[in-house]
Amino acid sequence: RNFVTDPESWLGHSIYFEKLFSGKWGDKQEDGSYFIETDAQIFKHILRYLRTGVLPVFYDRANGHDFALYQALLGEAKYFIIERLEKWLCERKYLQVVEIHY
(Lines give C-alpha, C1' and ligand atoms only; values in the text may rest on other atoms or scores of the structure.)
Protein backbone atom coordinates (compact mmCIF):
# COMPACT_ATOMS: atom_id res chain seq x y z
CA ARG A 1 0.00 0.00 0.00
CA ASN A 2 1.26 3.48 -0.81
CA PHE A 3 0.82 6.53 1.39
CA VAL A 4 1.33 10.07 0.14
CA THR A 5 2.00 12.89 2.60
CA ASP A 6 4.01 16.08 3.03
CA PRO A 7 6.15 15.88 6.19
CA GLU A 8 6.57 19.66 6.11
CA SER A 9 2.93 19.99 7.19
CA TRP A 10 3.04 17.40 10.00
CA LEU A 11 1.97 18.51 13.46
CA GLY A 12 3.32 15.37 15.16
CA HIS A 13 7.03 14.68 15.73
CA SER A 14 9.12 11.57 14.97
CA ILE A 15 12.87 11.31 15.40
CA TYR A 16 12.90 8.33 13.01
CA PHE A 17 11.29 10.30 10.18
CA GLU A 18 13.44 13.36 10.85
CA LYS A 19 16.51 11.18 10.27
CA LEU A 20 14.97 9.38 7.29
CA PHE A 21 14.02 12.60 5.49
CA SER A 22 17.33 14.30 6.29
CA GLY A 23 18.95 12.22 3.55
CA LYS A 24 21.67 10.89 5.84
CA TRP A 25 20.43 7.30 5.58
CA GLY A 26 20.34 7.23 1.78
CA ASP A 27 16.97 5.44 1.69
CA LYS A 28 15.30 7.66 -0.91
CA GLN A 29 14.03 5.78 -3.97
CA GLU A 30 14.75 7.02 -7.51
CA ASP A 31 11.24 8.50 -7.75
CA GLY A 32 11.74 10.46 -4.50
CA SER A 33 9.62 8.11 -2.37
CA TYR A 34 10.69 6.04 0.64
CA PHE A 35 10.09 2.36 1.29
CA ILE A 36 9.04 1.71 4.88
CA GLU A 37 8.60 -1.88 6.08
CA THR A 38 5.53 -1.80 8.32
CA ASP A 39 1.94 -2.97 8.72
CA ALA A 40 -0.20 -0.62 6.59
CA GLN A 41 -3.23 -1.10 8.86
CA ILE A 42 -1.24 0.26 11.81
CA PHE A 43 0.81 2.78 9.84
CA LYS A 44 -2.32 4.64 8.74
CA HIS A 45 -2.86 5.55 12.42
CA ILE A 46 0.79 6.58 12.79
CA LEU A 47 0.48 8.82 9.75
CA ARG A 48 -2.84 10.27 10.94
CA TYR A 49 -1.19 11.20 14.24
CA LEU A 50 1.84 12.74 12.50
CA ARG A 51 -0.38 14.76 10.16
CA THR A 52 -2.82 16.04 12.77
CA GLY A 53 -1.07 15.77 16.14
CA VAL A 54 -4.32 14.31 17.54
CA LEU A 55 -3.80 11.42 19.94
CA PRO A 56 -5.91 8.35 19.06
CA VAL A 57 -8.88 6.90 20.91
CA PHE A 58 -10.15 3.56 19.60
CA TYR A 59 -13.45 3.13 21.40
CA ASP A 60 -17.01 2.23 20.55
CA ARG A 61 -19.96 1.58 22.83
CA ALA A 62 -20.50 -2.01 21.77
CA ASN A 63 -16.91 -3.24 22.18
CA GLY A 64 -15.19 -0.69 24.42
CA HIS A 65 -11.53 0.14 23.85
CA ASP A 66 -9.57 -1.75 21.20
CA PHE A 67 -6.64 -2.75 23.41
CA ALA A 68 -5.04 -4.91 20.71
CA LEU A 69 -4.88 -1.90 18.39
CA TYR A 70 -3.42 0.26 21.17
CA GLN A 71 -0.69 -2.37 21.74
CA ALA A 72 0.10 -2.67 18.04
CA LEU A 73 0.26 1.11 17.72
CA LEU A 74 2.55 1.31 20.76
CA GLY A 75 5.02 -1.03 19.07
CA GLU A 76 5.08 1.16 15.97
CA ALA A 77 5.32 4.37 18.03
CA LYS A 78 8.42 2.95 19.72
CA TYR A 79 9.91 1.86 16.39
CA PHE A 80 9.33 5.25 14.74
CA ILE A 81 10.42 7.10 17.92
CA ILE A 82 7.22 9.10 18.35
CA GLU A 83 7.68 10.03 21.99
CA ARG A 84 4.40 11.85 22.67
CA LEU A 85 2.32 9.04 21.15
CA GLU A 86 4.37 6.41 22.97
CA LYS A 87 3.80 8.16 26.30
CA TRP A 88 0.04 8.45 25.60
CA LEU A 89 -0.17 4.71 24.94
CA CYS A 90 2.21 3.53 27.70
CA GLU A 91 0.40 5.57 30.33
CA ARG A 92 -2.99 4.48 28.92
CA LYS A 93 -4.17 8.08 28.86
CA TYR A 94 -6.91 7.12 26.39
CA LEU A 95 -8.79 5.56 29.32
CA GLN A 96 -9.21 9.04 30.82
CA VAL A 97 -10.90 10.60 27.80
CA VAL A 98 -13.94 8.34 27.53
CA GLU A 99 -16.70 8.92 30.03
CA ILE A 100 -19.28 6.16 30.33
CA HIS A 101 -22.77 6.78 31.73
CA TYR A 102 -25.22 3.98 32.45
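## Close-up views of a predicted model

**Figure 1. Asn 2 is found in the segment before helix 1.** The structure is a predicted model, in which local features need pLDDT of at least 70, side-chain atom pairs count only at pLDDT 80 or more, and totals for chains, interfaces and linings use all residues. Residues are numbered from 1 along each chain as its sequence is written, and side-chain values use heavy atoms, with hydrogens and water left out. Helices (H or I, at least four residues) and strands (E, at least two) are DSSP runs, numbered from the N terminus. Asn 2 is exposed, with a relative accessible area of 74%; buried means under 20% relative accessible area, exposed over 50%, and partly exposed in between (1.4 Å probe, protein chains only). From C-alpha to C-alpha, Asn 2 and Gly 32 are 13 Å apart in space, and they are 30 residues apart in sequence.

**Figure 2. The protein has 4 helices and 2 strands.** Read from the N terminus on, the elements run α-α-β-β-α-α. The C-alpha trace spans about 55 × 25 × 20 Å along its principal axes. Of the 102 residues, 32% are buried. Among contacts (heavy atoms within 4.5 Å) with a separation of 6 or more, 65% are between residues 24 or more positions apart.

**Figure 3. Phe 21 and Tyr 34 form an edge-to-face aromatic pair, one of 17 aromatic pairs that a search of the whole structure finds.** Rings of Phe, Tyr and Trp (its six-membered ring) pair if their centres lie within 6.5 Å; planes under 30 degrees apart count as stacked, over 60 as edge-to-face and the rest as tilted. For Phe 21 and Tyr 34 the distance is 5.0 Å centre to centre, with 70 degrees between the planes. Phe 21 lies in helix 1 (residues 15-22) and Tyr 34 in the loop between helix 1 and helix 2 (40-52), so the pair ties together parts that are 13 residues apart in sequence. Phe 21 counts as partly exposed at 30% relative accessibility, and Tyr 34 counts as partly exposed at 23%. Both rings belong to a cluster linked by ring pairs, whose members include Phe 3, Trp 10, Phe 43 and Phe 80.

**Figure 4. Tyr 70 and Tyr 94 are stacked, because their ring centres are 3.5 Å apart and their planes are at 10 degrees.** Tyr 70 lies in helix 3 (residues 67-79) and Tyr 94 in the segment after helix 4 (83-90), so this pair ties together parts that are 24 residues apart in sequence. Tyr 70 and Tyr 94 are both buried.

**Figure 5. The buried residues of helix 2 pack against helix 1, helix 3 and helix 4.** Among the buried residues of helix 2 are Ile 42, Phe 43, His 45, Leu 47 and Tyr 49. The expected span of a helix is 1.5 Å times one less than its number of residues. The 13 residues of helix 2 should therefore span 18 Å, and its end C-alpha atoms are 18 Å apart, which agrees.

**Figure 6. Helix 3 has buried residues whose cover includes helix 2, strand 2 (64-65) and helix 4.** Leu 69, Tyr 70, Leu 73, Leu 74, Glu 76 and Ala 77 are buried in this helix. Its 13 residues should span 18 Å; the end C-alpha atoms of helix 3 are 19 Å apart, which agrees. Just after helix 3, Ile 81 takes a positive phi of about 50 degrees.
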